[in-house]
Every structure is written in C-alpha cells, then in structure tokens.
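Please work through the exercises below with the sequence and the model at hand. Each task is followed by a solution in steps.

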Amino acid sequence: MIDFSLSPEQKEWVAIAQRFATEVVIPAAERADRIAEADQAFDWQVIREASQRGLRTLSVPKEFGGGGADVLTLAMVGEQIAYGDLGLAVAFDQSWKIMTALSHLTNDEQRKRWIPRVVEDPEFLLGVGATEPLHASDNLLPYDAPGSGMQMSAVRKGDKWILNGTKRYISNGGLAKLYYILARTDQKGMLSASLTGFLVPGDAPGFTVPEIWDKMGQRTVQNGTLVFENVEVPDRDRVGEVGASLPALGRFLLGFGSNIQAGATVLGVAQRAYDVSLQYAFERTQGGKPIIEHQIQQVRLARMAMKLQAARSYLWYAGWNCRQPDFDRKHASLAKIFAAEESVAVVKDAMELWGATGYMKKNPVEKLMRDALSFLHSDGTNDVLSLKAAAFIQQERRESSDARYSRRVADAARGL
Ligand SMILES: Cc1cc2nc3c(=O)[nH]c(=O)nc-3n(C[C@H](O)[C@H](O)[C@H](O)COP(=O)(O)OP(=O)(O)OC[C@H]3O[C@@H](n4cnc5c(N)ncnc54)[C@H](O)[C@@H]3O)c2cc1C
C-alpha cells in the first residue's frame with residue numbers, strides 16, 4: 001500500500017522546523033547574506049537555537065539522546081529549514097548526514113567516545129572532506145589507474161597516522177568541530193583499495209583553514225580549504241578497515257542520505273520561490289488585473305507546482321528506497337539531479353513571473369536563484385552523478401529468461 005501521510009513524529013519535526021525557519025532562519029539569513037566577508041557571515045546563534053529545539057542532533061541515534069531520524073524524515077525537515085535559507089540548512093544537513101554515516105561506519109568504542117560530545121556541545125557541527133584542488137569528481141567517479149584520484153596521504157607511524165594534504169570547498173569548513181576525512185593509505189594503488197577514513201578534530205595541531213571561499217550563493221554557511229601538515233590521528237580514530245573507505249563514500253552519497261538530503265534542501269529553496277511568486281501574482285496588478293488572472297501566469301504557476309511535487313515525490317521514494325535491504329542504488333543520485341534541475345527551473349520561472357522586480361536584490365527571488373544554482377555542483381556534479389547512475393543501469397542487462405525480455409527487440413537489434 002502507498003501512503004504519503006506523515007507519521008506523528010515526522011509531523012512534529014516538520015512543524016518544529018517550519019517554526020524555526022520562520023522565527024530564526026529567515027531573519028538571520030537576511031542579515032548574513034549581505035555580509036561581504038565570507039568568513040564573517042556565519043551566525044552561531046542559529047545553531048545554538050537549533051540545539052535547544054533538538055534540530056541539530058536530529059540524526060543522532062535515540063540511544064545517545066538524539067532525534068533518531070531516518071533519511072526520509074531528514075529530507076522532509078531539511079526542506080523546511082532550507083525554505084528559510086539554504087546555507088544554514090546545509091550547516092545542519094552536513095552534520096546530519098555525516099552523523100548518519102558515522103553511526104553506521106564507526107565501531108562501538110568510537111560511537112561512545114564521539115557521539116556524546118556531539119550531543120552535549122550546542123555548537124558542535126561536522127564536516128566531510130573528499131574534494132581536493134586537483135581531484136574532485138575523480139573521487140566520486142574513480143578511473144582505473146594506479147595512484148589516480150585524491151592525493152592526501154595518511155602514513156602509519158606506530159599507533160598513529162600522519163596526514164598531509166589539502167581539501168577544498170568543504171561545507172562547514174572552519175566551523176566543524178569534527179571532520180570525516182578521506183585520505184590515501186596507499187599512494188600507488190587503485191583508489192578503490194587505497195582510501196581510508198579518519199576522524200579529525202577541528203583543533204588538531206597542524207590543521208588549518210586558510211581560506212573561506214567567497215560564494216555566489218549559500219553565503220550563510222562557510223566552505224573552507226582544509227590544510228593538513230603532519231596532522232597526527234590516533235589509530236583509534238580510523239574509521240573502518242585500512243583501504244576500504246571508497247565504498248563507504250559511495251554509501252555516504254547513496255545509502256546514508258547525502259544525495260537525497262541535498263536534493264531536499266534545494267527543493268526548499270524552490271518551494272519558497274513558488275510561495276513568494278503566488279503571493280506576488282495575487283497582489284501585483286498589470287493589464288488592469290492581478291497577474292494571476294492572466295492565463296500565461298496561471299500556467300506558469302501550475303507547472304511550477306508540478307515540478308515541485310514531482311521532485312518531492314521522487315526524493316521521498318528515494319528516501320524510502322534506501323532503507324530497503326536490497327535498495328536500487330541509482331535512485332538517490334537521480335532524485336538529487338532531478339530536484340536540483342527542477343529547482344533551478346522553478347526559481348527561473350519565479351524570476352520571469354516577478355519581472356524586473358525579481359532581479360532586484362532587496363526582493364527575495366534574486367537570492368533564491370543564487371542559492372539554487374549551488375546544487376548543480378554540490379554533493380557531486382549532476383554530470384558525475386548521472387554517470388554513476390548510468391553505470392548502475394549498465395548492470396541491468398536482461399537475459400532471455402527474464403519476463404521483460406523481448407525476442408522481437410533482440411531480432412531488431414540484429415537487423416532482422
Ligand atoms: C557549495 C558546495 C559545497 C561542497 N561541499 C563539499 C564538502 O563538504 N565536501 C567535499 O568533499 N566536497 C564538497 N563539494 C565538492 C563537490 O561535491 C564536487 O565534487 C565538486 O564541486 C566538483 O568540483 P570541481 O569544480 O573541482 O569539478 P571537476 O571535478 O573538476 O569537474 C569539472 C567538470 O568536469 C565534469 N567531469 C568530471 N569528471 C568527469 C568524467 N569522468 N566524465 C565526464 N565529465 C566529468 C564535471 O561534471 C564538471 O562539469 C562542494 C561543492 C560545492 C559547490
């Protein structure tokens with residue numbers, strides 16, 4: 001049976017997030033978005049307030065005092081916070097998805113040591129570092145050559161690892177108190193067997209954040225360059241087996257909700273664009289009547305609503321799918337791509353409906369357009385995610401014993 005109604009717990013979290021977005025996030029973002037210096041815009045008061053409302057630790061397992069939310073619930077709640085502001089939603093969303101992944105990938109001792117710190121500190125955010133200046137998509141779509149892909153090194157020295165290298169564009173860079181960092185433990189091997197994950201505290205000696213990137217959108221969260229110069233990480237902060245973390249990165253994107261949450265947050269931006277456009281269409285008069293009474297604007301709004309609901313339905317399906325034991329791995333990426341593309345399309349529709357007024361900085365649509373564009377590239381470029389999904393489809397070859405196999409199609413392919 002298909003049922004789109006929310007559970008009582010989901011309803012409660014969505015309502016909490018809606019109130020938080022209106023009361024806290026929107027006013028904070030209106031101030032922060034205009035701050036020119038990228039390293040001055042982050043508003044810690046928003047994080048403290050979210051901690052009080054239980055939102056920051058939403059994905060922490062219940063046994064540790066968190067909300068225990070699954071990927072589907074996180075997608076619903078993330079959309080609501082992003083409705084207020086995408087950058088601030090990303091600050092939470094990154095922490096949620098990394099916590100989901102770490103709850104699965106870490107061992108018992110690591111969970112007991114780290115998760116209470118996350119819960120107890122109202123300013124504890126997390127970051128994940130894969131992207132490097134010279135190897136970005138190469139880490140998501142590895143190619144078969146020894147030593148290819150990320151170059152950051154982790155060399156074992158007794159019971160410690162010494163990390164050297166640079167990551168960039170990292171969300172929550174310079175804000176996070178803990179980073180999940182991927183590094184090579186074999187410089188010459190294939191990437192698939194050379195990556196290992198480490199937990200690195202934000203105050204580790206030798207770790208610096210020399211640049212906070214000045215971005216077009218998502219101006220309310222920081223994206224940093226992380227530099228590691230002989231950073232010592234104890235072996236007990238290694239996550240998983242040595243050389244086994246590339247599949248973990250894949251699970252992070254597809255199974256633990258990274259792509260789905262990314263799509264859900266950019267959808268929040270598009271929903272806001274729709275809502276402000278609907279109001280504007282009722283209140284703005286041209287041609288002697290409110291513009292909503294002009295058929296072309298009615299159709300535009302109808303198509304915006306269609307795109308929003310189609311993207312949301314796919315994301316929710318993908319959220320349900322990734323909880324299934326034998327889930328179809330292509331849907332997380334495809335749902336993110338679809339949401340990212342349709343959200344940009346909806347915000348562009350909003351721009352057209354608002355006319356020149358939408359282009360003006362003091363009105364809301366201009367910021368929504370800058371924010372929406374970020375997810376064409378963040379959490380993996382849409383091109384690369386399409387290629388990953390296409391690779392799964394290539395494994396779906398149907399044999400003649402399959403009920404869907406058509407003899408006529410086989411003959412046609414042979415020119416018969
Ligand atoms: C706002 C934002 C936040 C981010 N946060 C994080 C973070 O927290 N942690 C993190 O690790 N990363 C993060 N990233 C990085 C992100 O996930 C992408 O991997 C990265 O943006 C790719 O950037 P690039 O400019 O280096 O592109 P490249 O990888 O250099 O790609 C350039 C172009 O080539 C295409 N391309 C690449 N490889 C192939 C191929 N094999 N075949 C065909 N086309 C290809 C790409 O699609 C793109 O069009 C973030 C990025 C942004 C924009």
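The model is predicted, local features need pLDDT of at least 70, side-chain atom pairs count only at pLDDT 80 or more, and totals for chains, interfaces and linings use all residues. Residues are numbered from 1 along each chain as its sequence is written, and side-chain values use heavy atoms, with hydrogens and water left out.

**Exercise 1. Describe the interface of domain 2 and domain 3.**

Step 1. By an automatic or database domain assignment, the chain is divided into domain 1 (8-125), domain 2 (127-241) and domain 3 (257-393).

Step 2. The C-alpha centres of domain 2 and domain 3 are 31 Å apart. Seven residues of domain 2 are in contact with 10 residues of domain 3, where contact means heavy atoms within 4.5 Å.

Step 3. The size of an interface is often given as the accessible area lost when the parts come together. Here the buried area (accessible area, 1.4 Å probe, lost by two parts on being put together and summed over both) is about 780 Å², and carbon and sulfur atoms give 65% of it.

**Exercise 2. Which residues line the largest cavity?**

Step 1. The count comes to three cavities of 30 Å³ or more, and the largest cavity has a volume of about 60 Å³.

Step 2. M99, L102, S103, T106, Q110, R111, W114, I115 and L199 line the largest cavity. The elements that give two or more residues to this lining are α4 and α5 (108-120), with the largest share, four residues, from α5.

**Exercise 3. How far apart are the closest N and O atoms of K62 and E9?**

Step 1. A salt bridge is a side-chain nitrogen of Lys or Arg within 4 Å of a carboxyl oxygen of Asp or Glu. By this rule the count comes to 33 salt bridges.

Step 2. In the salt bridge of K62 with E9, the closest N and O atoms are 2.8 Å apart. K62 lies in the loop between α2 (44-52) and α3 (71-84), and E9 in helix α1 (residues 8-32), 53 residues apart.

Note on methods
1 Å grid on protein atoms, 1.4 Å probe; cavity = no way out; pocket = protein on both sides within 12 Å on 5 of 7 lines; lining within 4 Å. Points joined across faces, edges and corners; volume = space filled by probe spheres on them.
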